Amino acid sequence: MSDVLALPIFKQEDSSLPLDDETKHPPFQYVMCAATSPAVKLHDETLTYLNQGQSYEIRMLDNRKMGDVPEITGKLVKSIIRVVFHDRRLQYTEHQQLEGWKWNRPGDRLLDLDIPMSVGIIDTRTNPSQLNAVEFLWDPAKRTSAFIQVHCISTEFTPRKHGGEKGVPFRIQVDTFKQNENGEYTDHLHSASCQIKVFKPKGADRKQKTDREKMEKRAAHEKEKYQPSYDTTVLTECSPWPDTPTAYVNNSPSAAPTFTSPPPSACSVPDSNSSSPNHQGDGIPQASSEQLQPSATIQETQQWLLKNRFSSYARLFSNFLGADLLKLTKEDLVQICGAADGIRLYNALKSRSVRPRLTLYVCREQPAPQGQQPAAGGSDSSSAAPFVYHAIYLEEMVASEVARKLALVFNIPFHQINQVYRQGPTGIHILVSDQMVQNFQDESCFLFSTVKAENGGGVHIILK
């Protein structure tokens with residue numbers, strides 16, 4: 001039957017279909033000597049369980065037919081093996097995830113080559129800034145096997161760590177390159193990858209046994225929906241990893257972030273006061289004036305991230321418009337930035353200010369004609385000029401916060417305020433303490449005046 005299908009008359013029926021040579025004969029094939037899980041449904045990608053730190057063989061096979069890719073005949077090629085995240089959301093934050101892993105495991109690598117066990121590999125290299133990748137040269141005409149060791153486990157990158165959580169899947173990816181005219185290994189030839197999960201030593205064997213026992217308990221018609229377990233894992237063809245040295249990847253604006261540390265930004269990060277919701281004339285939390293607009297350009301979005309103390313994520317969102325960033329959900333941001341910064345960024349994007357613990361309305365008492373007093377409603381019944389009250393919002397229920405907010409709202413130098421008093425019965429002056437502030441009713445109204453201190457250095461504030 002295969003001879004019949006190969007006749008030209010059948011090939012010419014639809015010239016738009018890819019030829020068999022293109023679809024069935026990639027130049028290389030990579031086979032990892034580890035069994036696939038039996039608990040994977042038909043038509044789903046295979047899943048392979050690995051033990052942390054155990055050496056696994058990847059056979060590098062020349063799959064060329066006669067005359068295919070003749071330029072590499074008798075020459076070496078370069079392969080880069082990586083362990084990367086399978087989850088697309090985690091791929092966007094690989095730099096942060098790997099930096100965190102590096103901090104917790106100083107001196108360790110995510111991926112290593114077991115050189116004594118490997119066969120046919122030449123000039124092996126590891127980059128200290130890429131803890132998840134190894135590279136080497138090999139001759140396709142000779143037997144080649146690379147033994148790899150994965151040192152990270154899947155549960156190290158789960159957001160919750162209370163025990164029993166499912167680990168995140170990784171991918172083992174192999175990218176192979178040939179030499180260009182300058183002798184550099186930058187011309188992409190082939191890429192393939194497979195899905196894995198990594199367990200603590202012997203954990204993969206236990207998981208494989210558990211999956212096998214579960215499948216044995218299923219009814220015959222249910223078993224037909226699942227793949228059999230294969231003794232080896234064949235890596236399937238995929239796109240080259242984005243930070244590979246091919247020109248079209250380097251020039252692509254949508255390339256995923258690489259693992260190298262981001263360059264230091266030339267912009268300064270604002271101090272804590274500049275992004276505080278209190279840093280306004282009226283002490284009102286900032287809202288629309290600092291909100292990221294959907295029409296913001298890439299540069300404006302970067303400036304907004306820096307101004308709001310998200311400089312560590314500026315490179316990650318380097319191609320985002322304001323609209324792109326605003327479309328991300330809370331769950332997206334938590335996945336990308338982690339729980340703490342993800343929630344903080346979400347609140348900043350939605351302009352969610354800190355809810356004040358206490359709101360006070362304050363009006364500065366002005367000299368008035370004798371017998372004229374401000375009305376209780378905040379306006380003078382016999383004059384058209386209203387008494388304007390300002391709202392001050394307290395995030396801390398302490399006396400110093402009252403003084404600081406009054407200084408901000410009414411442009412009084414904070415260092416000149418000696419004491420804050422409240423006028424009590426018969427006109428006595430009661431020192432405003434933290435306990436008094438804690439007993440203020442929300443939305444209380446006060447008139448206040450200033451009197452010079454006895455020693456002439458500064459002023460006292462009197463609330464009425």
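**Exercises on helix packing, strand pairing and burial**

Helix 9 (298-307), helix 10 (322-326) and helix 11 (330-337) are what the buried residues of helix 12 pack against. The model is predicted: local features need pLDDT of at least 70, side-chain atom pairs count only at pLDDT 80 or more, and totals for chains, interfaces and linings use all residues. Residues are numbered from 1 along each chain as its sequence is written, and side-chain values use heavy atoms, with hydrogens and water left out.

**Exercise 1. State which residues of helix 12 are buried and where they lie around its axis.**

Step 1. Helix 12 covers residues 339-349, and its buried residues are Gly342, Leu345, Tyr346 and Leu349 (buried: under 20% relative accessible area, with a 1.4 Å probe and protein chains only; helices: DSSP runs of H or I, at least four residues, and strands: runs of E, at least two, numbered from the N terminus).

Step 2. These residues span an arc of only 100° around the axis, so they sit on the same side of helix 12 (the arc is that of the directions from the helix axis to the C-beta atoms).

Step 3. On helix 9, the buried residues are Thr301, Gln302, Trp304, Leu305 and Leu306. Their cover includes helix 10 and helix 12.

Step 4. Just after helix 9 comes Arg309, with a positive phi of about 65°.

**Exercise 2. Give the strand order of the six-stranded open sheet and name its edge strands.**

Step 1. The order is 14-13-17-18-15-16, with mixed pairing (strands pair if DSSP finds at least two bridges between them).

Step 2. Strand 14 (390-394) and strand 16 (429-431) are the edges; each has a single partner strand, so one side of each lacks a neighbour in the sheet.

Step 3. From one strand to the next, the twist averages 40° (axes are lines fitted to C-alpha atoms, for helices over the stretch in contact, and angles run from 0 to 180 degrees between N-to-C directions).

Step 4. Within the sheet, five bridges pair strand 13 (residues 358-364) with strand 17 (residues 444-452) in the parallel sense. Tyr361 is placed opposite Cys445 of strand 17.

Step 5. Helix 13 (residues 399-410) lies across strand 13, strand 14, strand 15 (417-423), strand 17 and strand 18 (459-463), at about 145° to strand 14.

**Exercise 3. Decide whether Ser145 counts as buried or exposed, and list its contacts beyond four places in sequence.**

Step 1. Ser145 belongs to strand 8 (residues 144-150).

Step 2. Its relative accessibility is 2%, so Ser145 counts as buried.

Step 3. Leaving aside neighbours within four places in sequence, Ser145 is in contact with Glu57, Ile58, Arg59, Ser118, Val119 and Ile121 (contact: heavy atoms within 4.5 Å).

Technical notes:
Buried < 20%, exposed > 50% of the residue type's maximum accessible area, 1.4 Å probe, protein only.
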